[in-house]
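Here is a short report for a reader new to this structure. Take a look at the chain, then read on.

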Amino acid sequence: MIPPLTDVLSTARVVALPLHTRFRGVDVREAVLFEGPQGWAEFAPFTEYDDAEASAWLAAALADAWEPRPAPVRDVVRVNATVPAVAAGRVGAVLARFEGCRTAKVKVAEPGQTLADDIARVRAVREAMGPEGRIRVDANGGWNVDEAERAIHALAVYDLEYAEQPCPRVEDLAELRQRIRYMGIPVAADESVRKAADPLAVARAGAADLLVVKAAPLGGIRRALGIVAEAGLPVVVSSALDTAVGLSQGAALAAALPELDHDCGLGTASLFADDVAEARPRDGAVGIGRVIPDPAALSRLAAPAERRDWWIDRLTRCHGLLAAGDDRA
C-alpha cells in the first residue's frame, strides 16, 4: 500500500549536493530525502524525466522507507571508481578519491568530445591503475553501431572489462555484440534495462552479456531482484548519482544478490564535494547498512526555496500517480 502523502512530506528534506567535477551535465545533484518506519530513503529521478518515469523512483523510495530490506548474503560490496569525461591530465586526481578501488568505469562518448579524448582518458586510467586494474567504459548510448565498433577496437588495447551501453537501441547492441565478439569484450546494458518498458527485452534479444541494474529506476530492491533472477545474466549494481541515503539502497540490493562477480558502481559518493553522510569507499568497498543523514548536513545542503517547492510538487504528482494505480489494483 502507498503511505499517505502527509506522512511522506512530514519529514521530507530537499538537498543540493555539489560535485567535484561536472557529471552527467550537472554541477549540483538535487534529491528529496524522507524518513519512514524502516529508515531514510531518497527520491531523486533526473530532472528531465517525466512524472510517469519518475514515479518508479518514488515507488522504490517508499518501499525502502516503509518495508524491510531483503536479507543480505554479504557484509560489504566492492565498488569501482567512476571517472567523468575529464581531460587525461585530471584522471589521477579523480582516482585518488576512490580509496582502494581496483576497477574504474570511464565515461566516453561525451557530447562535444572526440574518440581521441576517450583514448587519452582511458590510457591515463590504465597508466594510473597498472596492468592489474580493471577498466570498463560507459558510453551512455552515445555511439551508433559503426562508431561503437571503431571506438571499442581502438580502446581494446587497454584491456577492457566490458563496454557499457555503447549504443542506445537493443537491436544495435545485439548487432554490435556480434561484430565485436572476436575481441572478447563483453557488452553491458544499462539504459536498455532501467529506461525500458520491458527491462528483460535486452536479455531475451541476446543483446548483452551482463546487465547494469539500479534499484530506484526499477521500482525498488525486490523488483530489481526479480528482474535479475528472470534475466539469468551476470549483473553490476550501480547508482544514479545518489546521495549517501540512495547509495545505501543500492548497496542493499547488491548485498542481497545470490551471485555478484563484478565490482559495483556504488562508490559515487567520491564524486561529491559534500554529502548528507559519509559514504565514500574504503579499501575499495562500501558497507551495506542503512544511512542516517547528519542533521547539520541536511541544513547545510538544503536546496533553495524555489527548488524545494519544485521537488515537493514533483513528489506530490508522482505520489498521486502511484496512489491512483494502487486504487485500481
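Which element supplies the largest share of the lining of the largest pocket? That element is S1, with 3 residues. Keep in mind that this is a predicted model.

## The largest pocket

The largest pocket has a volume of about 310 Å³. Its lining is made of 17 residues. Five of them lie nearest the centre: Phe23, Arg24, Gly25, Glu110 and Asn140.

Sorted by class, the lining holds 8 nonpolar residues, 6 charged residues and 3 polar residues.

## Two annotated lysines

An unreviewed UniProt entry places the feature "active site" at Lys107 and Lys214. Both Lys107 and Lys214 belong to the lining of the largest cavity.

## Lys107

Start with Lys107. This residue sits in strand S6, residues 103–107. Is Lys107 buried or exposed? Its relative accessibility is 11%, so Lys107 counts as buried. The cut-off for buried is under 20%.

Which residues does Lys107 touch, leaving out those up to four places away in sequence? The list is Phe23, Val83, Pro84, Ala85, Asp118, Arg121, Asp138 and Asn140.

## Lys214

Lys214 is placed in a loop. That loop runs between strand S10 (210–213) and helix H9 (221–231). Lys214 counts as buried because its relative accessibility is 5%.

Setting aside neighbours within four places in sequence, Lys214 is in contact with Asp190, Arg194, Ser238, Ser239 and Ala240. With Asp190 there is also a polar contact. It joins the side chain of Lys214 to the side chain of Asp190, at 2.8 Å.

## An exposed loop residue

Now turn to Ala71. This residue lies in the loop between helix H2 (51–66) and strand S4 (76–78). Is Ala71 buried or exposed? Its relative accessibility is 61%, so Ala71 counts as exposed. The cut-off for exposed is over 50%.

How far apart are the C-alpha atoms of Ala71 and Leu176? They are separated by 38 Å. Along the chain, Ala71 and Leu176 are 105 residues apart.

Methods: Residues numbered from 1 in each chain as written. Predicted model: local features only at pLDDT ≥ 70, side-chain atom pairs only at ≥ 80, totals over all residues. Heavy atoms only, no water. 1 Å grid on protein atoms, 1.4 Å probe; cavity = no way out; pocket = protein on both sides within 12 Å on 5 of 7 lines; lining within 4 Å. Points joined across faces, edges and corners; volume = space filled by probe spheres on them. Helix = DSSP H or I, 4+ residues; strand = E, 2+ residues; numbered from the N terminus. Nonpolar A, V, L, I, M, F, W, Y, C, P; charged D, E, K, R; others polar. UniProt positions renumbered as here; feature names shortened; annotations may be inferred. Buried < 20%, exposed > 50% of the residue type's maximum accessible area, 1.4 Å probe, protein only. Contact = heavy atoms within 4.5 Å. Polar contact = N/O pair within 3.5 Å; in protein donor to acceptor, adjacent residues only side chain to side chain.
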